[in-house]
Amino acid sequence: MKTRMKSWLLGLAAVWFAVAAGSQETASRTLAGGDLAAIAGTTADASQLSFPTDEEIQRTYDLIADYHTKHLEELGVKLPRLRRANGDYVLSALTLVYLARGYPDVKTVSKSELTQFMRQYVPDVNDVQQARHLAAQSGWYILSGTRKDGRELNIQPGEYRLINLEEAYPGFNSQRRVDLSSPDYWEQLKAAYGYRCACCGSKEGEPNFNWPDTITVLQKGHMDPSKPLGPGNLIPQCVKCNQPARDFWVFDDKGRVVAVANPAVVERSSDDVQFQVYERLYRKYGGRDPEEIEEAAAAAAEDADPPEDATEPESAGTLP
Ligand SMILES: [Zn+2]
């Protein structure tokens with residue numbers, strides 16, 4: 001009883017936190033999403049504010065595990081353990097449980113609500129990234145409002161929703177599911193991404209999410225522009241995402257930028273970012289002259305047999 005009361009108070013605190021203490025922007029977006037607004041408006045039904053009990057957590061996790069065995073394991077979706085050896089909950093499992101609560105009748109969950117739930121178990125939790133990782137890295141079909149993939153369901157920035165427990169996240173492991181040597185590799189790859197741009201989610205033949213007057217055409221986008229464009233180094237990108245990105249960035253197979261491919265990008269960045277890059281590289285190379293470093297590297301390469309073929313990566317294009 002005491003624990004339930006505590007949960008209820010924490011839940012109430014979560015609403016207050018989002019509305020009062022949270023940033024104006026977060027609060028208004030959350031309210032626009034309707035979720036916390038609905039909770040705050042239905043004070044009569046206080047049970048909506050309570051977080052799941054240990055019993056409900058276990059029950060929901062068992063349900064998820066059941067679906068996982070039946071539908072998702074074969075797709076490579078990874079099920080996190082519920083508890084560590086010492087009995088502590090695993091945060092990603094808790095996130096999954098919270099999103100799957102009441103499945104299949106699930107709710108859209110805000111990041112602040114999720115954070116408050118986590119804080120019952122790990123008090124100093126700050127930036128809850130588990131929902132995003134569960135989708136992109138573990139393959140659970142969770143849509144977020146931070147990418148454009150939540151548009152059709154009106155998921156706002158900072159909100160998450162579990163779509164179902166029978167399909168993997170679109171594009172998950174798509175590179176692995178496609179036969180790299182197949183002559184219709186490109187068609188297979190597009191199909192594996194649901195005919196959507198890996199970066200913005202716009203669908204081939206339909207209006208672009210960000211430019212509604214433009215019909216989406218998918219192009220072969222480099223993952224790493226310093227490597228040849230071909231199987232294993234390809235993602236489908238709409239023209240709008242492919243054009244400005246061309247050769248500047250390295251993408252992973254989910255269309256996320258993971259590295260800079262053209263150092264000229266740094267020169268377009270703010271003085272503050274440029275200084276931070278300089279600071280890091282100054283430390284990395286001990287403030288030495290670049291020519292001195294190159295000479296030392298060349299000397300070391302000569303010592304090592306056989307000599308490396310020093311081919312330059314293909315031109316990464318020029319910045320305007
Ligand atoms: Zn796009």
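A residue is called buried here if 20 or more other C-beta atoms lie within 10 Å of its own. Keep that cut-off in mind as we walk through this structure, which is a predicted model.

One of the pairs to look for is Leu218 with Cys238 of β5.

Now let us step back to the whole chain. It has 13 helices and 7 strands, and 30% of its 320 residues count as buried. Among contacts with a separation of 6 or more, 53% are between residues 24 or more positions apart.

Next, turn to an open sheet of 3 strands, arranged in the order β1-β3-β2 with antiparallel pairing. β1 and β2 (140-144) are the edge strands, each pairing on one side only. Strands of a sheet pair through backbone hydrogen bonds, either parallel or antiparallel. Between β2 and β3 there are 5 bridges in the antiparallel sense; among the partners are Ile142 with Leu162 of β3, and Tyr141 with Asn164 of β3.

Helix α4, residues 54-72, comes next. Its buried residues are Ile57, Thr60, Tyr61, Ile64 and Leu72. They lie on the same side of α4, because they cover an arc of only 105° around the axis.

What covers the buried residues of α4? The cover includes α5 and β3 (159-168). The packing of α4 and α5 has an angle of about 90°, with the axes 9 Å apart. Angles of 65 to 115 degrees count as roughly perpendicular, and α4 and α5 are therefore roughly perpendicular to each other. Their contact is made by Ile57, Thr60, Tyr61 and Ile64 from α4, and by Ala93, Leu96, Val97 and Ala100 from α5.

These elements lead us to the nonpolar interior. In soluble globular proteins, nonpolar side chains tend to be buried together. The largest nonpolar core in this model has 32 residues, and those with the most contacts inside it are Leu96, Val97, Leu99, Ala131 and Ile142. At least two residues of this core are supplied by each of α4, α5, α6 (111-119), α7 (130-136), β2 and β3. The largest share, 7 residues, comes from α5. Leu99 shows how the parts meet: leaving aside neighbours within four places in sequence, Leu99 is in contact with Val106, Val109, Ala131, Ile142, Tyr160 and Leu162. Apart from this core lies another one, of 15 residues, which includes Val178, Tyr193, Ile235 and Phe251.

Is Thr108 buried or exposed? Thr108 counts as buried, because it has 20 C-beta neighbours inside 10 Å. Thr108 and Tyr160 are 52 residues apart in sequence, yet their C-alpha atoms are 5.6 Å apart in space. The loop between α5 and β1 also holds Pro104, and a cis peptide bond with an omega of about 10° joins Tyr103 and Pro104.

Our last stop is Tyr195, in the loop between α9 (185-192) and β4. Most residues other than glycine have a negative phi, and most peptide bonds are trans. Tyr195 is not a glycine, but its phi is positive, about 55°. With 17 C-beta neighbours inside 10 Å, Tyr195 counts as partly exposed.

Technical notes
Residues are numbered from 1 along each chain as its sequence is written. This is a predicted model: local features need pLDDT of at least 70, side-chain atom pairs count only at pLDDT 80 or more; totals for chains, interfaces and linings use all residues. A residue is buried if 20 or more other C-beta atoms lie within 10 Å of its own, exposed if 12 or fewer, and partly exposed in between; C-beta atoms are placed from the backbone. Helices (H or I, at least four residues) and strands (E, at least two) are DSSP runs, numbered from the N terminus. The arc is that of the directions from the helix axis to the C-beta atoms. Two residues are in contact if their C-beta atoms, placed from the backbone, lie within 7 Å. Two strands pair if DSSP finds at least two bridges between them. A nonpolar core is a set of buried Ala, Val, Leu, Ile, Met, Phe, Trp, Tyr and Cys residues joined through C-beta atoms within 7 Å. Axes are lines fitted to C-alpha atoms, for helices over the stretch in contact, and angles run from 0 to 180 degrees between N-to-C directions. Angles under 35 degrees count as roughly parallel, over 145 as roughly antiparallel, 65 to 115 as roughly perpendicular and the rest as oblique.
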